[in-house]
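Thanks for coming. Please have the sequence and the structure open while I talk.

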Number of protein chains: 2
Amino acid sequence: MSKVFVNIGLSLDGYMAPEGMSIENWENPEFKNWGAKWGSMMSWILKQQYFREKLMFAPGGETGPVNDMLRNTMERSGASIMGKRMFEQGEQSWPEEAPFHTPVYVLTHEKREPWVRPGGTTFYFVNDGPASALEQARAAAGDRDIRISGGADVVQQYLSMGVVEELEIGLAPVLFGSGRRLFENVDESVPPFRIDKVLHTPDATHLRYVRA
Amino acid sequence: MSKVFVNIGLSLDGYMAPEGMSIENWENPEFKNWGAKWGSMMSWILKQQYFREKLMFAPGGETGPVNDMLRNTMERSGASIMGKRMFEQGEQSWPEEAPFHTPVYVLTHEKREPWVRPGGTTFYFVNDGPASALEQARAAAGDRDIRISGGADVVQQYLSMGVVEELEIGLAPVLFGSGRRLFENVDESVPPFRIDKVLHTPDATHLRYVRA
């Protein structure tokens, strides 16, 4: 059966995104220095061959265990779920061939027809809440897994629902000071995790937690 | 020259202490379940031979790299700095031979004579702020290092002052949901850290950061 998983980058002080990183300031990465901050958190991913090929259409890059992890994350995903903010940011940033190649369920109050992109990505706009989005994602994913993509509030909702089975964090040695925290408003009754695997690189510590 | 370092346990969601863990509830670990929560975060330390011998006067325990790390942390420390809350909790919990064997500087508004314990620990009560406490600790530590022991607010003050050179975190796979966060109110201009070392065990991931 499909697993529900989260795979995100995080600052050492627990932020998924620095203050100022929002749709209003998308064209202005100097605003509160959000562009440089986010870049420093995600520097590890920009070096990977798989990421460069798929998102930047750039040659070269590292091909070690972190690259394998990235490829695995993409290949195991049969559906993704994301929030409205993350979608709107991606709408402005993703290449035309959006980098999912699966159905993507967007939690939003907006009513909108499915948006079909070349390359197999279709965005579905879900108006009736996270449980419904998960049900639809499960039906679509088949044997593959369901990725809770973000943002922070969406990850928190699924954590609190107790459905997240695997939590993968790329912990970067940077301090943001402020921004959107990953762990906030998380229900105390979340089923416990155990450490499954740690992949140590100079740019980030890749922590993988699974259900205890 | 002496290094200023922090070595603490942290929950995966970023708390140094669960909600309810305070001097008022010290005799009541069932209050908001703080005792079990804290125990689950620190389970790794209770297993170590060095900790058992020094604090629990109990035999046995693990003697691997985590134990070596604990011993090294203790042996490198020539002075410690802590907050009033941490001191008051320790006053009720430490054995008569308090486990420091060095001068300890307590940040407090209370005026009090130095408190000499058997075994080489003397507590000095510092009323004129963290910079003064650090100066006194530096003078006392000699060639050895200065440990910022906690709690969270004291670590935050020294982080924000930009004087913390090494940050060691035992990150346990537990979620508290609420409590006292390590990273809060930290000034944005903190000098950057890099990952120095990661020690991976099933109970906690020991992350060591040093100045970049």
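Let me start with V66(B), which sits in helix α4 of chain B, residues 65-76. Keep in mind that this is a predicted model.

Is V66(B) buried or exposed? Its relative accessible area is 7%. The cut-off for buried is under 20%, so V66(B) counts as buried.

Which residues does V66(B) touch, apart from its neighbours within four places in sequence? They are W44(B), Q48(B), L199(B), T201(B) and H206(B). For a sense of distance, take E113(B), which is 47 residues from V66(B) along the chain. The C-alpha atoms of these two are separated by 37 Å.

Helix α3 of chain B, residues 49-56, packs against α4(B) with the axes 7 Å apart and an angle of about 45 degrees. That angle makes α3(B) oblique to α4(B). On the α3(B) side, the contact uses Q49(B), Y50(B) and F51(B). On the α4(B) side, it uses N67(B), L70(B), R71(B) and M74(B). Sorted by class, there are four nonpolar, two polar and one charged residues in this contact.

Compare that with a pair in chain A. Helix α6, residues 130-141, and helix α7, residues 152-161, have axes that come within 11 Å and cross at roughly 85 degrees. α6(A) and α7(A) are therefore roughly perpendicular to each other. P130(A), A131(A), A133(A) and L134(A) of α6(A) meet Q157(A), Y158(A) and M161(A) of α7(A). Here the classes are six nonpolar, one polar and no charged residues.

Back to chain B, and helix α5, residues 84-93. Its buried residues are F87(B), Q89(B) and G90(B). Viewed down the axis of α5(B), the buried residues fall within an arc of 165 degrees, so they line one face of the helix. What covers them? The cover includes the chain B strands β3 (77-83), β4 (103-107), β5 (115-116), β6 (122-126) and β9 (179-181).

Last, the two chains together.

Technical notes
Residues are numbered from 1 along each chain as its sequence is written. Chains are lettered from A and ligands numbered from 1 in the order in which they are written. This is a predicted model: local features need pLDDT of at least 70, side-chain atom pairs count only at pLDDT 80 or more; totals for chains, interfaces and linings use all residues. Side-chain values use heavy atoms; hydrogens and water are left out. Buried means under 20% relative accessible area, exposed over 50%, partly exposed in between (1.4 Å probe, protein chains only). Helices (H or I, at least four residues) and strands (E, at least two) are DSSP runs, numbered from the N terminus. The arc is that of the directions from the helix axis to the C-beta atoms. Contact means heavy atoms within 4.5 Å. Axes are lines fitted to C-alpha atoms, for helices over the stretch in contact, and angles run from 0 to 180 degrees between N-to-C directions. Angles under 35 degrees count as roughly parallel, over 145 as roughly antiparallel, 65 to 115 as roughly perpendicular and the rest as oblique. Ala, Val, Leu, Ile, Met, Phe, Trp, Tyr, Cys and Pro count as nonpolar, Asp, Glu, Lys and Arg as charged, and the others, Gly among them, as polar.
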